[in-house]
Amino acid sequence: MRADVEAAKADIEQSIALLRRRLDWDVALRKLHELNARVEDPTLWDRPDEAQSVSRERSRLGASVEAVLGLERDLSDAVGYAELADEEGDEASLEEARRQLRAIRERAGRAELEALLSGEADGNDAFLEVNSGAGGTESCDWAGMLLRMYTRWANAHGMSVEFLEETPGEQAGIKSATIQIKGANAYGWLKTEAGVHRLVRISPFDAAAKRHTSFASVWVYPVVDDTIVIDINPSDVRTDTYRASGAGGQHINKTDSAVRLTHVPTGVVVACQTGRSQHQNREEAWRMLRARLYELELQKREAEAQALQDQKTDIGWGHQIRSYVLQPYQMVKDLRTQVETSDTQGVLDGDLDAFMGASLAQRVGVTREG
């Protein structure tokens, strides 16, 4: 077998071995068998909350086990194909086998990173909030570009996006927006994107074609399910209603259906305007507030346990995590991991996996041999 095929095979086998160790393979298989048996027990469904928790755990563990088994099957098929092509001197088929191995190696790499998503809420859906910084139209346009970037990333990974609140800019872009991203490990992947994002470009709004620097901030927090209890004193929350902006027909423009909640002790503010009634928006806003306060608690725990305070606090101007430079050269660089690329358009179109993966690995401090 060709040396490059042998090397690819060895690399994928190393990834599979690492995944098995992280899953504690024999224990994982026994646990999955037990969960399958519990789900098949009809009496479990008399306890909906427990049934939901068990079903979610089975789905998560089952997906992890199947990912490893799928990599093993596909690796065996690709290597067998390569060996046959090599014996027959079929270069076209051999190149196809190499392509298959490259794809399997990419899947294995992503599976390695997903194995790190073991945080309490990593498997949950996520709320993502974008806010423009100082700079008027420039920053609003940049915030709109970021919102599009994350929407495209989510869609590329089979996740759905629901718009919950959007305040348009006066001339372009958005002043702020909140979306809910629904999909496996949405919060786990997105949580390292929280921070300030900096854009340098020739302004399309400047007749003199001067270079401008714009900032926008991103907040990410998990959607908490009903089994997680977040105690909030209603007297600590100020409720404001206002007329929703943007599209929505006569109803949304003529009634004070939008709801804004302010948690006075922490200063956390959430808003929702997409529902057709104030009641719907109030209910969704309370879900968002619970999620934000839960995320604050997760941050506190992580800071105390892992001493990562510098990475998790003071999400504000001057604490940018990534720079997107479009002029005078093309470069996107993460200032925490030093990962960079000249494919700026690809990044703005949602190709963020390299940045997310590096940040996630750095955050948990895990090496490939760990």
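Colleague: Let's start with one residue. In which strand is arginine 201 found?

Modeller: Arginine 201 is found in strand 4, which covers residues 195-202. Keep in mind as we go that this is a predicted model.

Colleague: Is arginine 201 buried or exposed?

Modeller: The idea is to look at the relative accessible area and compare it with a cut-off: buried means under 20%. Arginine 201 has a relative accessible area of 8%, so it counts as buried.

Colleague: Which side chains make polar contacts with the side chain of arginine 201?

Modeller: There are two to look at here. The side chain of aspartate 141 makes a polar contact of 2.7 Å with that of arginine 201. The side chain of glutamate 138 is joined to arginine 201 by a polar contact of 3.4 Å. If you leave aside neighbours within four places in sequence, the residues in contact with arginine 201 also include Met145, Lys210, Arg211, His212, Leu326 and Gln327.

Colleague: Now the sheets. How do strands pair?

Modeller: Strands of a sheet pair through backbone hydrogen bonds, and the pairing can be parallel or antiparallel. In this model, 8 strands form an open sheet in the order 2-3-1-5-4-9-10-11, with mixed pairing.

Colleague: Which strands stand at the edges of that sheet?

Modeller: Strand 2 (160-168) and strand 11 (340-341) do. Each has a single partner strand, so one side of each is left without a neighbour in the sheet. Strand 2 is joined to strand 3 (residues 174-182) by 8 bridges, and the two run antiparallel. To find your place in that pair, look for proline 168, which stands opposite isoleucine 174 in strand 3.

Colleague: What about strand 7? Which strands does strand 7 pair with?

Modeller: Strand 7 (residues 258-263) is joined to strand 6 (residues 237-242) by 6 bridges, running antiparallel. Strand 7 also pairs with strand 8 (residues 268-272) over 5 bridges, again in the antiparallel sense. You can follow the bridge partners residue by residue. Threonine 241 has valine 259 in strand 7 as its partner. Across to strand 8, histidine 263 is partnered by valine 268, and arginine 260 stands opposite alanine 271.

Colleague: How many residues lie between strand 7 and strand 8 in their hairpin?

Modeller: The hairpin has 4 residues between the two strands. Check glycine 267 in the turn: its phi is positive, at about 80°.

Colleague: Which residues does leucine 348 touch?

Modeller: Leucine 348 has its place in helix 10 (residues 344-348). Not counting residues up to four places away in sequence, leucine 348 touches Trp142, Met145, Arg148, Met149, Tyr324 and Leu326. Leucine 348 is buried, with a relative accessible area of 8%. From C-alpha to C-alpha, leucine 348 is 8.7 Å from arginine 152, with 196 residues of sequence separation.

Colleague: How do you look for empty space?

Modeller: Rolling a probe the size of a water molecule over the atoms shows where empty space is left. Here, the largest pocket has a volume of about 1,200 Å³. The lining has 43 residues, and the closest to the pocket's centre are Arg56, Arg60, Leu117, Gly123 and Asn185.

Colleague: Which helix gives the most to that lining?

Modeller: Helix 3 does, with 10 residues. By residue type, the lining divides into 18 nonpolar, 13 polar and 12 charged.

Colleague: To finish, how many helices and strands does the protein have?

Modeller: The protein has 11 helices and 11 strands. Of its 370 residues, 43% are buried.

Conventions:
Residues are numbered from 1 along each chain as its sequence is written. This is a predicted model: local features need pLDDT of at least 70, side-chain atom pairs count only at pLDDT 80 or more; totals for chains, interfaces and linings use all residues. Side-chain values use heavy atoms; hydrogens and water are left out. On a 1 Å grid over the protein atoms alone, a cavity is a set of points where a 1.4 Å probe fits but cannot get out, and a pocket is an open set with protein on both sides within 12 Å along at least five of seven lines; lining residues have an atom within 4 Å of a point. Grid points are joined across faces, edges and corners, and a volume is the space filled by probe spheres set on the points. Ala, Val, Leu, Ile, Met, Phe, Trp, Tyr, Cys and Pro count as nonpolar, Asp, Glu, Lys and Arg as charged, and the others, Gly among them, as polar. Buried means under 20% relative accessible area, exposed over 50%, partly exposed in between (1.4 Å probe, protein chains only). A polar contact is a pair of N or O atoms within 3.5 Å; within protein, one must be able to donate a hydrogen and the other to accept it, and residues adjacent in sequence count only if both atoms are side-chain atoms. Contact means heavy atoms within 4.5 Å. Two strands pair if DSSP finds at least two bridges between them.
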